[in-house]
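Please give me a short briefing on this structure. Keep it brisk and group the points by topic.

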Amino acid sequence: MAELCGIVGIGQTKLAAKRVDVSMPGLVREAADRALLDAGLGWADIDAVVVGKAPDTFEGCMLPELYLADSLGAPGKPLLRVHTAGSVGGSTAIVAASLIQAGIHDRVLTVAYEKQSESNAMWGLTISAPFGVAVVAGAGGFFAPLVRGYIRRSGAPADVGIRVAVKDRLNALKNPYAHLHLKDISHEMVEQSPMLWDPIRLLEACPSSDGACAMVLAREDLAQRAPTPPAWIHATAMRSEPTMFAGRDAINPEAGKMAARDLYAKAGITNPRREIDCAEIYVPFSWFEPMWMENLGFAEEGAGWRMTLEGATALDGDLPVNMSGGVLSSNPIGASGMLRFAEAAMQVRKQAGEHQIEGARRALGHAYGGGSQYFSMWIVGSEKP
Amino acid sequence: MVEPVKSIVTPIRLEYDYTPGRATSRFLRGIAQHRILGQECPSCLKVYVPARGSCPRCAVPTEREVDVQDSGTVVTFSIVRVPSENIHFELPYACASILLDGAGIPFFHVLQGLAPEEVRMGMRVKARWVPTEKLGPTIASIECFVPSGEPDAALETYGEHT
Ligand SMILES: [Zn+2]
């Protein structure tokens, strides 16, 4: 049987367009120091470090895990780097958890980051393949046709994406770490923002952020002694699928559905909408909220947009989604998945401050990456599973 | 007082030799001869274009070659209004996912010859090739797609490919 694993420390940096005050090592150190402080632990208490970030071509810093080893306190310890595109922050946390669950280590530090101000992700993602023609402009260029396909298939009203964009930015106003604090955000403001990749408007897309997130994970007996009660990991799941194959449903990918089924089975959940108190999911473009509601089994296929429209995903709804303001309010790509996982843990530890959901006992953290082809998710709870 | 160095710009370059492999080489040679070659999966019978030599879904090699039409249907699209260094089309342009007639999988190309706001899902389109003397083993031999003038296709005929 796997060991039980608890999250005993959580730290994140202020997420911002440009953190010129810190280097990459300084950025990850800031998050790691905060996670250790939260855990009441020192560097000597850490047995291994697991770090994640998006492609090296973004910042042009090859093998950043070696460059960051000192700032992550890794010399003399196992150091492992994880890479699964945009979902990497989630899968990094899962790899770190598996080192505890497998009984290999007692306490593991896991960190994920991106310094987009020192990178050019749009360039990095606009692939000019040999003998081909670059036509897909960045992540938005890839996902916009999927959004259009979803709107057509589901018959969703045209303003669902705008509503998500407003909701998440209002939530971000309650989160001091969030990058975007748009105090006068409104339906009109989003609607009138320029179309970047029609049907995706500027304010329906995530910003480019610098930031890092860190967590300290510990074995059951050690987690029990943490100064703040831990978030217990009830289940984790990861799945992937190729970007392109005949018959692929890229709007509602099979890999995401499989991961969710596996996750709920492991957590003993039969009715996710009722049994999960809140969810922090990876929504880089507003329409992905309804799309992932369906993929995650919170809504029937074609009905995810109704949850948004009915207010079910608002802070006072029956399944609050993206309490922190989500990826739409801060997107340090490599850290974005871990920030989702960390928010889920903060909720069940009652550490979410103004965006705390009253009585959150079980929360879902979710990340996806690539061409909607990598999925990672976990369920954490205030009680042991 | 000396200004502290906060960041420096260090451009990087990556050059590599690309080996397309057997299937893609045949596809690219076909393109140079004004032909679009696909490969049919012996298991699910879907036709892959460009041919990659295998079906990722069935995990089997695809060997049977079939000619695919240079006409097709716009499965979905986006109107791009953001500049990107690697992209050389004038903004805004329509980036369309196109299902060629006879193909089992769509691919992205640029749609021109109409105002971006007139692009529709289900629209019928045709390849516009570069002049014969400029044909080469590259997708760039197809300059773009343009409307063919046929009536739009019904959602049922392409919906599963969105
Ligand atoms: Zn097949």
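The four donor atoms around the zinc ion subtend angles of 106 to 113°, so the arrangement is tetrahedral (four donors with all angles between 85 and 135 degrees). Ideal angles for four tetrahedral donors are 109.5 degrees. This is a predicted model: local features need pLDDT of at least 70, side-chain atom pairs count only at pLDDT 80 or more, and totals for chains, interfaces and linings use all residues. Residues are numbered from 1 along each chain as its sequence is written, chains are lettered from A and ligands numbered from 1 in the order written, and side-chain values use heavy atoms, without hydrogens and water.

**Zinc site**
- The protein donors are the SG atoms of C41(B), C44(B), C55(B) and C58(B), 2.3 to 2.4 Å from the zinc ion (donors are N, O and S atoms within 2.8 Å of the metal, or 3.2 Å for Na, K and Ca).
- The donor residues follow the spacing C-x2-C-x10-C-x2-C.
- C55(B) is buried at 1% relative accessibility, while C58(B) is partly exposed at 23% (buried is under 20% relative accessible area, exposed over 50%, partly exposed in between, with a 1.4 Å probe and protein chains only).

**Cis peptide bonds**
- D198(A) to P199(A) is cis, with omega near 15°.
- L91(B) to P92(B) is also cis, with omega near -15°.

**Positive phi**
- L63(A) is not a glycine, yet has a positive phi of about 50°; its relative accessibility is 46%, so L63(A) counts as partly exposed.
- S372(A), also not a glycine, has a positive phi of about 55°; at 0% relative accessibility, S372(A) is buried.

Technical notes: Four donors count as tetrahedral if all angles lie between 85 and 135 degrees; four count as square planar and six as octahedral if opposite donors are over 155 degrees apart and all others between 65 and 115; anything else is irregular.
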